[in-house]
Amino acid sequence: MQKEGLILQMEGITKIFPGIKALDDVMLDLRRGEIHALIGENGAGKSTLIKVLTGIHQPDAGIIRLNGEEVEMTDPLAARRRGIAAIHQHLATYPDLSVAENIFMGNEQTGGKIPAISWRKTREQAKALITSLGSDIDPMAEMGTLSVAQQQIVEIAQALSQNAKVLIMDEPTAALSLRESEELYSIVKGLKEKGTSIILISHRLEDIFSLADRVTVLRDGRYIGTWDIRETNSEMLVKHMVGRTIDQFYPKKTAPVGEQILKVEGLSRTGFFEDVSFTLHAGEILGLTGLVGAGRTEVVEVLSGVTRPDKGRIYILGEEKDITSPHEALRQGVSLLPEDRQKQGLLLPWSVQDNITLPRLDLHQKRGILSPESEAKTGDEYIGMLNIKARSGRDTAESLSGGNQQKVVISKLLTCGSRIIIMDEPTKGVDVGSKAAIYKIMCDLAAEGYGILLVSSEMPEVLNLCDRALVMREGRISAVFIREEMEPEKLLKAAMPLDKSRKGNAEYA
Amino acid sequence: MPERTRKTGALSALFKQREVGLALILVVLFLLVGLRNPAFTTGSNALFILEDTAIMMILALGMLCVLLVGSIDISIAAIMALSTMTAGIIMKQNLNISEVQVMTDGVMGSVTLRESTPLILLILAGMGVGALCGALNGLLIAYGRVLPIVATLGMQYIIYGLSHTISRGQAVYRKDMPDSFINFSRATFLGLNSKIWFMLAVFVVIFIFLTYFRQGRYLYAVGSNRESAAMSGIKSPRTTLLAHIIMGTLAGLAGLLYASRDTKITQDMAMGYEMYVIASCVIGGVSVSGGRGKAVGVLLGALTMGVINNALTMLRLTGNSEFWKKAIQGALILSAVVINVLIQRSKERRVLKDRRI
Amino acid sequence: MERAISRLPRWMKRWEWILVILILVVYAIFSGLQPENYTFPKLLNQTRVYMVDVGFMALGILVVLILGDIDISIGATAALSATVMAVTYNQGDGIPFIAAIALMLLTGAVCGLINGLLITRFPELFPMIITLSTQTLYRGIAYIILKDQSAGRFPGWFSKDLGYGSFSLFGLDVPIMLVCILAVLPVYYIWLHKSASGRRIFAAGTNLTASRYSGVQTGRIKMAAFILNGIMAALGGFFLTSRTGSVKYTLATGYEMQAIAIAVLGGASTSGGRGSVAGLLLALILMTGLKNGLMLVYNDAFILNLSIGLLLILIVLVPDIAGRIRRQNTVRRQRLTLKKT
């Protein structure tokens, strides 16, 4: 059965979650010592596939072969013992514990005959591993105090300590500066030379072209194909990922840009962003992009009253406003679609209609008592208007798919009647169909005179939807582009932090 | 710039340790009270404070384990009562009082000998019952997934009920205790009271367990990040269970020492003690959400409580009333805890200021 | 079986039905064992012991639990408030009784306010730790005021009519106290389950962040909930005092746990977002029936404690285990359909 040189084969993998087929007959094979890119849109099933491979999820169908031998990944430990290690998107570390301990947790270094942990040995071996990766992180530093890049190096060290044959990296560079990314990739290349097989999940196509040997595309939980990297180009990959050409996907935005409705001047929040100024107009979709951690989310959190700024002024419809809380923001006409839909956007165990009516319960009161009829009416209205796929308004929010959950959150915003709508990564973890629907809603809203501030990491979104785009870098706005000027390279260049070593920051690894 | 930070590195690293700050506060507190009442700062008073707090320290070390995994136990007073009552009934039933003629300084005199079940068996019985109670708590929380507060609240009722039934509502008094048990908390060795020795032994065991043993480190791992722990192959439920068994066992031991000290075993012994124990941990830098805390810190936290307690007596601010003391103590604990938080916050703010974006 | 249950209308699947069944079972068992003593009129008379004071405190803590917080200091709050009332009235030598009652309610509100302030300003500290500390503080202040004395001698209507009085309705003697709490319940029910502010309390308890993002003023709601909780605790102390006739600093010791137990039995969760006034009433009735019966049959505090503890744990444990089995079954069914295709 074993094909020459294959270390890993996954065949017919299917995984069902309540109400959704996350993976449908997906395959993936991995050669010894290759870097294999796994790409697809948000919600395509990449992370689920990785979780099946690392034993976090059990597949409902399909087989996994390791070195030609059929194996069952019953739990994460089983996968680790077989030499499969993963660096997950959300780092799975112990923030309260030391670097050395993070590396050897579950694989403690004991000192000879007695079962006691030898801290000297742990420290030395950790130091050796970290040095072999070309880094100088202090093995006794507390994990929670490290930067994301450093934490990733620690995770790689952990994988190495277990003699990982297969290393999976899920969006490792999402939060890294250019230099950090380069360093990470040189580590990855080094591992490849030593014979480690690597599965790389990344959004950055240019990274994939410079690193990977082969590429596999997933879409909506299905396997689309595997290609040698030399046989493909980025246009072709994007087409496979999206399933249609770009102009079908993004609606034409026709709304004219009107009066100024929001003006921000010199907004600062210590430690997060500094001196941010911009304007937003009626009928405009304004992009706010940059790397994760550049301060985009923090800016919109201040605008929507979640946190308070240290400096700066906010003008709404020409009047200076002090936005002290989300409650106040809604009253002033600023609505936020938060980044984390499940934690910040929805009450998951609540019904769709109860979620929708929550921001404006005052509209559904009769003599101080809530009217179920009025609530149901509003619920049904939005379910129809945004085409939310729910049997009724009484379905719980957690039973819906990601895209439909997002539509519920959008409904909540619309009930508030705010003219300024801020959307923080509205298509994160949303299937392709819902994505298109959300884009359409945004354009419709703009046409109706709403001003939309779109925070997004997805380049195509910014390029195709926005009238203007602000780029943030290290807490400051580094560039502003109007639609005609927008080019992927320009945006990327403005987003990439300057080389940090030039700032004289020696302690930074 | 980097050079300068390196030079002060060792010192600032020392001060970054929460425990050092706490120890300093403790010393200052000690000296301040000493200014008002010099008797306070004497070595014998220091020993007295240590002896007085030893039982609470034992309990706090157990509570540390439970808090580390992100759980809590509010049934410890009940566990103390039940395990001690069990031992008490055993000693009462096997009590054998005899008069023995002894020659003292050439004079024949009679001495009353009170013998019963060997002390070691009593201790084992008490600690065993404690461990069992702890195990039940742990099972409910780890495998039954009942919230720790609800589980231990329910268990508190059940354990009190059990202790009531085995004692048939009776208390055990000094007359029912053998000499060995009465001496249990009074014996001295190398000039130190047995309670201090027990506390030190428990401290050493817990310290070594938490620092050098896998299972001990797993307590931190589970409390720090449960999902990561699962990926590291750590069985969280088993670890949680273990923490509760340790707590229960130590509650058994502490209960016996408490009963021996007061020479009586009643239903309501140590009632409300859980509060002081949890407060000791919080002052000692243990995070109630799990993953953070050290045995040394807990000891210092308990000692702070002991010093506050003792200082209130020594300063005679409060007359003789026990509750005056308790009222102030509540306020002091609260301020200690709040000050801790404020210091922590200002630290974080400083980190934010220094942070490059 | 499972299918049949899932097809039932929503209102029939409510938690409260389990409590109703338990109440009937308890009644059947004890009226069988003690047909002479365990009768409805006698139970009705006993409600003054088991339902009123703890009932008020449970109503207060219910709101706190729905918010996902906890308050251990309500027993102490009751003691301090009743102390203030007794001392200021001073057996008729002080201020008028009605003013003393107002002061008592104010004391309760202030105690709640302090808890609320500390909890909203120091979220790192956990309500459990904070209220454990304020518990000693409040009871300590009561002790400082009263010392070891007990303060008694209230107006006649307070200790006689309110404490032991009852009136006749359809030939049954209904305690006046019971009417007091029964009058509060519907108001509470409508406020918590039918009004916008009630809905916001549930929202904040279900997901504090998402509620705040939705414009719910979570900080204000928390403050209000703790103040209300303090007032309800004071009322609990008020009715307890009318029954016992005097105030000591130890008044209502351990009542916080009883009140929490009642609220949890009634369907509240200490992790927030769940709780029901109807469930709370049923839990009160169940406890009255159970405690009364156990006291009649065994006259032993042990069985009482044991049963309450067991009930508390089982009632939390059983639905969780049932839910786990149900989820496993769903997944198994999905796998089966997968294999068929």
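Tutor: The largest nonpolar core has 213 residues. Such a core is a set of buried Ala, Val, Leu, Ile, Met, Phe, Trp, Tyr and Cys residues joined through side-chain atoms within 4.5 Å. Buried means under 20% relative accessible area, exposed over 50%, and partly exposed in between (1.4 Å probe, protein chains only). Leu59(B), Tyr273(B), Met85(C) and Leu192(C) touch the most other members. Helix α4 (residues 43-68) of chain B gives the largest share, 15 residues. Helices here are DSSP runs of H or I with at least four residues, and strands are runs of E with at least two, numbered from the N terminus. Chain A takes part too: domain 1 (6-245) and domain 2 (249-500) each give at least three residues. Those domain bounds come from an automatic or database domain assignment.

This is a predicted model: local features need pLDDT of at least 70, side-chain atom pairs count only at pLDDT 80 or more, and totals for chains, interfaces and linings use all residues. Residues are numbered from 1 along each chain as its sequence is written, chains are lettered from A and ligands numbered from 1 in the order written, and side-chain values use heavy atoms, leaving out hydrogens and water.

Now zoom in on Met85(C). Set aside its neighbours within four places in sequence. Its contacts then include Phe97(C), Phe154(C), Phe158(C) and Phe238(C). Met104(C) and Thr241(C) are also among them. Contact means heavy atoms within 4.5 Å. In soluble globular proteins, nonpolar side chains tend to be buried together.

Next, look where chain C meets chain B. The contact takes 44 residues from chain C and 42 residues from chain B. The area buried between them is about 3,600 Å². Buried area is the accessible area (1.4 Å probe) that two parts lose on being put together, summed over both. Carbon and sulfur atoms give 80% of it. Ile129(C), Thr136(C) and Ile313(C) supply 14% of the area that chain C buries against chain B, more than any other three residues. On the side of chain C, α6 (97-121), α7 (127-146), α13 (255-265) and α15 (301-340) each supply at least two residues.
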